[in-house]
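Please prepare a briefing on this structure. Keep it brisk and group the points by topic.

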Amino acid sequence: MEKVKFEELNISDEVKKAVREIGFTEATEIQSATIPLILEGEDVIGHSQTGSGKTAAFGIPAIESIDAGNKKDTQVLVLCPTRELAMQSCDEIRRFLKYKEGIKVLAVYGGEPIGHQISALRKGAQIIIGTPGRVMDHLRRKTIKTQNLKMVVLDEADEMLNMGFREDIETILKDVPEERQTVLFSATMPPAILAITKQYQKNPKLIKIARKQMTVSTIEQFYYDVPKDAKIEALTRLLSANDIKLSMVFCNTKSMVDDLSAELKQRGYRAEGLHGDMKQASRTKVLDLFKSGQIDILVATDVAARGIDVDNIDAVFNFDLPQDTEYYVHRIGRTGRAGKSGRAYTLITGRKQFYSMRDLMRMTKADIVKKELPTYEEMEQYNLQKFMERVVEKAEKEIRPDYFEVYQQLLDKVGDSAKLGAAMVRMLMKKDKKLSVKKVISLDQKKPRMDMSRGTQTRRVKMGDIIISIGRKQQVAPNHIVGAITQATGIPGNMIGHITILDNNTVVEVPKEYRENIVSSLDGCKIKGILTKTVVSDVKRPQEKSGYSSGRRDGKNRPQKRRYKG
Ligand code: ADP
Ligand code: MG
């Protein structure tokens, strides 16, 4: 499709001047094709990928259609899916209006007190950009009057339908004068949209722009096949192993955003969630925090993240595999901006998602490389390395005399500088929440399953005992013990073996390999409100048949429970 210069378009000098100042010279393909048609009054369907410049495609002709003599009535109504997009489009159109006298544009959206909007509307705005729910509200209150409406624009129509706005949109379209121009823009064209265009547009001209090379070569793309319950651990490993400072993490659902951001915060990351169900004020706050660098990780749904423009994002994570190619491209496009390099990491689980991943590669023609996660041991090594760097850095900077004194006193007590040093390292490392053993076990153990070429494998895990200082006299039950262990360490309940409840102690069988980690996480935890101690036990246990009581209530599966299936 031909591209034209803005100078060649049949638009006013004022808009040309503003566009020139913004720095646009050539119209994009969708703009070149749709602006002339919309200017002629045609109904148009604009189908082109995200980032192709659809806002100006409808925004410029919308401006040109306004009768500036009429200051009161709404003449163009733009519907779009979110507050952020409404604000963003409003800003963009306002830029085109810089040299136009007497034309006003206003954004109205839910989540903001309606009274404020009503007084703004009373002053009059010829172009209104709003979310469907709020626009409907204003139509009902007659604070938006449509008797002189000339044009309705449905922007990001696919997204509005995804968000469940179909009924609202139809109510609005039935409500406004029939003698109007209807323009629809969308990145994808599902059948539901075609149904709307059939019913509410008159002889619409369909302009479809074939997608270009979809992803930028400056973004390195990787994917990892990870068990579902180990995705958070996978994410945190990738974050630290790749030195990622600023990142966006995409989830497919709002509840996943909530869960994941809470979990990351708990692990000591500066993370916040962003999705459409959040109060407007908190959404704005989160965005501001992210833009100003006060949080490092923004966990978001696709819709909430639309239109967010932040530079310097080191990496994008697809915590959930995006539902379609469009989303993938849009998500990863948040990194690698302005000529910088960026990285995109996608987590998938299982064969079905592996096939989706292959489709994604075929459709985007991108090279998405399969990688293996760093192992727990590699991470520990890596974290120790980082820790050492930090210590060296500190040692070079701050040397306070009283520290020497403290060290000397400690040395006097311990009597062995190596032991003292090791204890200090241990304490300091433990303070670092990001180093917790949560979920690591399930991740490392399940690794064989991730290699799809080899099929499933079973793997025996060597077990060992720990002793927790709470027992029958404190009325502890197996579920308390399982709960406490999974809580404190994140290891899945099915990796816990026999639980033997004694009078004042409980012996628990756990994977030997991780026994030390489990003890250090569990020691000092409260169980049933009682402060407990936990230690490693290497006392040989009597065989099963001897009178030892196994406390697991679900004892029927006990033999399987003892072993971990990889
Ligand atoms: P879409 O709605 O198709 O996703 P936008 O309208 O949001 O795309 O535009 C994407 C970006 O491209 C915006 O930053 C916009 O300012 C810019 N842009 C739009 N048209 C042009 C143009 N003709 N030349 C240069 N940049 C443009
Ligand atoms: Mg758009």
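On one side of helix H9 (residues 191–200), Pro191, Lys198 and Gln199 are exposed, meaning over 50% relative accessible area, where buried is under 20% and partly exposed lies in between (1.4 Å probe, protein chains only). The model is predicted: local features need pLDDT of at least 70, side-chain atom pairs count only at pLDDT 80 or more, and totals for chains, interfaces and linings use all residues. Residues are numbered from 1 along each chain as its sequence is written, chains are lettered from A and ligands numbered from 1 in the order in which they are written, and side-chain values use heavy atoms, with hydrogens and water left out.

**Helix H9**
- The buried residues of H9 are Ile193, Ile196, Thr197 and Tyr200.
- These residues cover an arc of only 100° around the axis, which puts them on the same side of H9; the arc is taken from the directions from the helix axis to the C-beta atoms.
- They pack against strands S1 (44–47), S5 (151–154) and S6 (181–186), and against helices H7 (157–162) and H8 (166–175).
- Helices (H or I, at least four residues) and strands (E, at least two) are DSSP runs, numbered from the N terminus.

**Helix H1**
- Val15, Lys16, Ala18 and Val19 are buried in H1 (residues 13–22).
- Down the axis of H1, the buried residues fall within an arc of 165°, so they line one face of the helix.
- An α-helix has 3.6 residues a turn, so residues three or four places apart point the same way.
- The buried residues of H1 pack against helices H3 (54–65) and H4 (83–96).
- Gly23 follows H1, with a positive phi near 110°.

**Nonpolar cores**
- The largest nonpolar core has 40 residues; such a core is a set of buried Ala, Val, Leu, Ile, Met, Phe, Trp, Tyr and Cys residues joined through side-chain atoms within 4.5 Å.
- H3 gives the largest share of this core, 6 residues.
- Phe6, Ile60, Ile63, Val76, Ile93, Ile127 and Ile129 have the most contacts inside the core.
- Beyond four places in sequence, Ile63 touches Val15, Ile93, Phe96, Leu97, Lys100, Ile103 and Ile127; contact means heavy atoms within 4.5 Å.

**Leu97**
- Leu97 sits in the loop between H4 and strand S3 (105–108).
- Leu97 counts as buried because its relative accessibility is 6%.
- Leu97 and Val15 are 82 residues apart in sequence, yet 6.5 Å apart in space, C-alpha to C-alpha.
- Leaving aside neighbours within four places in sequence, Leu97 contacts Ile63, Ile103 and Val105.

**Strand S11**
- In S11 (residues 297–300), Ile297 and Val299 point one way, Leu298 and Ala300 the other, and all are buried.
- S9 (residues 247–250) pairs with S11 in the parallel sense over 4 bridges; pairing requires that DSSP finds at least two bridges.
- Ser247 stands opposite Ile297 in S11.
- S10 (residues 271–274) and S11 also pair in the parallel sense over 4 bridges.
- Glu272 stands opposite Leu298 in S11.
- From S10 the chain crosses through helix H12 (residues 280–291) to S11, in a right-handed β-α-β crossover: with the strands pointing away from the viewer, the path from the first strand over the helix to the second runs clockwise.

**Confidence**
- Mean pLDDT is 84, and 88% of residues reach 70 or more; pLDDT is the predictor's confidence in each residue, from 0 to 100.
- Over residues 433–442 pLDDT stays under 50, and the model has 34 contacts there beyond four places in sequence.
- Residues 445–459 also stay under 50, with 33 such contacts.
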